[in-house]
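Here are a few notes to go with the structure, for anyone meeting it now. Keep the 3D view open while you read.

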Amino acid sequence: MIISIQNLKKQYKKEWVLKGIHIEVKTPTIIALVGPNGSGKTTLLNCMTNLLGFSEGDIYLLGKKHTNPSIFKEVSYLQDNRILYGNLTGYDHLKFICDVQHIPHNQIKQVAEKIGMTSYLKKRVRNYSLGMKQHLLLAMSIINKPKLLLMDEPLTGLDPSSAITIRNVLLELHHQGTTIMLSSHNLDEIDRLTNTIYFMKSGLIMEESLAELHQKQYIVTVNDGEKAMRILKEHAIPYRFIQTNQLSFVEMDLKLPHFIQKMTEHEVCIEDIDSYKTGAEQRYQELFEGVE
Ligand SMILES: Nc1ncnc2c1ncn2[C@@H]1O[C@H](COP(=O)(O)OP(=O)(O)OP(=O)(O)O)[C@@H](O)[C@H]1O
């Protein structure tokens with residue numbers, strides 16, 4: 001098991017932020033943690049990496065309890081840039097990690113080239129832009145070639161070409177077997193990069209597969225919704241009730257000619273068929289802004 005979290009509960013004073021989080025990740029994947037400001041993404045990541053204690057629950061990473069310090073040979077955590085030291089260079093930060101984790105120093109050049117930060121590696125961090133700091137944080141979190149990479153808003157402050165570089169670095173890591181869990185508000189990038197979204201709402205997690213979100217969907221309006229639903233049930237065609245006389249289907253489950261034939265046979269009149277594709281942004285709006 002790569003990540004196993006059971007019934008995680010966390011409160012700050014009287015405010016419950018995590019109210020019973022369950023996560024099981026068995027195979028390498030890329031997961032996005034998505035939710036409005038203050039929904040608990042950083043709190044969850046900090047609990048997972050033992051930076052924060054919690055009231056109830058269990059966390060195991062790569063089969064070991066999250067409090068076991070040995071997990072950090074294989075688990076990395078990209079936090080926000082407040083952890084960086086302005087008086088040190090990017091090179092100093094990476095050398096420190098190499099020394100602590102017994103990683104050969106030649107990895108510094110390799111990782112800097114991969115991320116495109118060679119030209120400012122030896123500058124002091126206080127002279128870095130926001131995007132340069134993000135590059136350094138990424139380099140620090142992947143130099144040990146982690147099996148599990150946890151990232152708190154790694155896409156903040158990146159220009160479009162940096163975002164592409166970082167996306168490619170993360171995809172390459174994933175193809176080498178790394179599981180990545182990242183929090184982000186950049187829903188377009190999430191659509192491109194991740195396989196699964198964990199939406200954080202009311203202290204709980206709702207899991208959505210990007211492959212399912214990206215499927216084409218149909219909204220069908222009929223003259224007799226009750227009858228249509230009876231026919232669909234008889235033929236085991238999955239549907240979602242939207243409102244009276246309106247149903248939605250995902251393309252995979254609905255063969256339109258077959259559907260039209262069944263409705264016609266039973267004298268149900270199809271008044272309208274609309275098709276659309278969803279993604280992270282539409283789902284976010286449905287969940288958090290009440291947009292259907
Ligand atoms: N140290 C703390 N003491 C008290 N409350 C805190 C503390 N840290 C976070 N909180 C509260 O916990 C809630 C969740 O905060 P958290 O930073 O985990 O959210 P987030 O989803 O990461 O937000 P954002 O998207 O803005 O980064 C917020 O209501 C926040 O005010």
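**Notes on the model**

1. Let's start at the ligand: helix α1, residues 41-48, supplies the largest share of the shell around the ligand, with three residues. Bear in mind as you look that this is a predicted model. Which residues sit around the ligand? They are Tyr12, Val17, Gly35, Asn37, Gly38, Ser39, Gly40, Lys41, Thr42 and Thr43. Sorted by class, that shell has seven polar residues, two nonpolar and one charged.

2. Stay with α1 for a moment. This helix is mostly covered, with six of its eight residues buried. The buried ones are Lys41, Thr43, Leu44, Leu45, Cys47 and Met48. Lys41 and Thr43 also belong to the residues around the ligand. After α1 comes asparagine 50, and its phi is positive, near 65°.

3. Now zoom out to the whole protein chain. How many helices and strands does the protein chain have? There are 10 helices and 14 strands. The C-alpha trace spans about 75 × 40 × 30 Å along its principal axes. Of the 292 residues in the chain, 33% are buried. If you take the chain's contacts with a separation of 6 or more, 69% of them join residues 24 or more positions apart.

4. On annotation, an unreviewed UniProt entry carries "domain: ABC transporter" for residues 3-227. Over that stretch, 32% of the chain is helix and 30% is strand.

5. Next, have a look at two helices side by side in the view. Helix α4 (residues 130-142) and helix α5 (residues 160-175) have axes that come within 11 Å and cross at roughly 10°. Why is α4 called roughly parallel to α5? Angles under 35 degrees count as roughly parallel, so the crossing of α4 and α5 gets that description. On the α4 side the contact is made by Gly131, His135, Leu138 and Ile142, and on the α5 side by Ser162, Ile166, Val169 and Leu173. Five of the contact residues are nonpolar and three are polar, with no charged ones.

6. Leaving aside residues up to four places away in sequence, glycine 131 touches Gly157, Leu158, Asp159 and Ser162. Is glycine 131 buried or partly exposed? It counts as partly exposed, because it has 17 C-beta neighbours inside 10 Å, and being buried takes 20 or more. As for lysine 26, that residue is 105 positions from glycine 131 in sequence and 33 Å from it in space, C-alpha to C-alpha.

7. Finally, two loop residues to check in the backbone. Glutamate 153 lies in the loop between β7 (148-152) and α5. Its phi is near 50°, a positive value in a residue other than glycine. Glutamate 153 is buried, because 21 other C-beta atoms lie within 10 Å. Asparagine 245 is in the loop between β12 (240-243) and β13 (246-250). Phi is positive for asparagine 245 too, near 70°. With 16 other C-beta atoms within 10 Å, asparagine 245 is partly exposed.

Conventions. Residues are numbered from 1 along each chain as its sequence is written. This is a predicted model: local features need pLDDT of at least 70, side-chain atom pairs count only at pLDDT 80 or more; totals for chains, interfaces and linings use all residues. UniProt positions are given in the numbering used here, feature names are shortened, and annotations may be inferred rather than shown by experiment. Helices (H or I, at least four residues) and strands (E, at least two) are DSSP runs, numbered from the N terminus. A residue is near a molecule or strand if its C-beta atom, placed from the backbone, lies within 6 Å of it. Ala, Val, Leu, Ile, Met, Phe, Trp, Tyr, Cys and Pro count as nonpolar, Asp, Glu, Lys and Arg as charged, and the others, Gly among them, as polar. A residue is buried if 20 or more other C-beta atoms lie within 10 Å of its own, exposed if 12 or fewer, and partly exposed in between; C-beta atoms are placed from the backbone. Two residues are in contact if their C-beta atoms, placed from the backbone, lie within 7 Å. Axes are lines fitted to C-alpha atoms, for helices over the stretch in contact, and angles run from 0 to 180 degrees between N-to-C directions. Angles under 35 degrees count as roughly parallel, over 145 as roughly antiparallel, 65 to 115 as roughly perpendicular and the rest as oblique.
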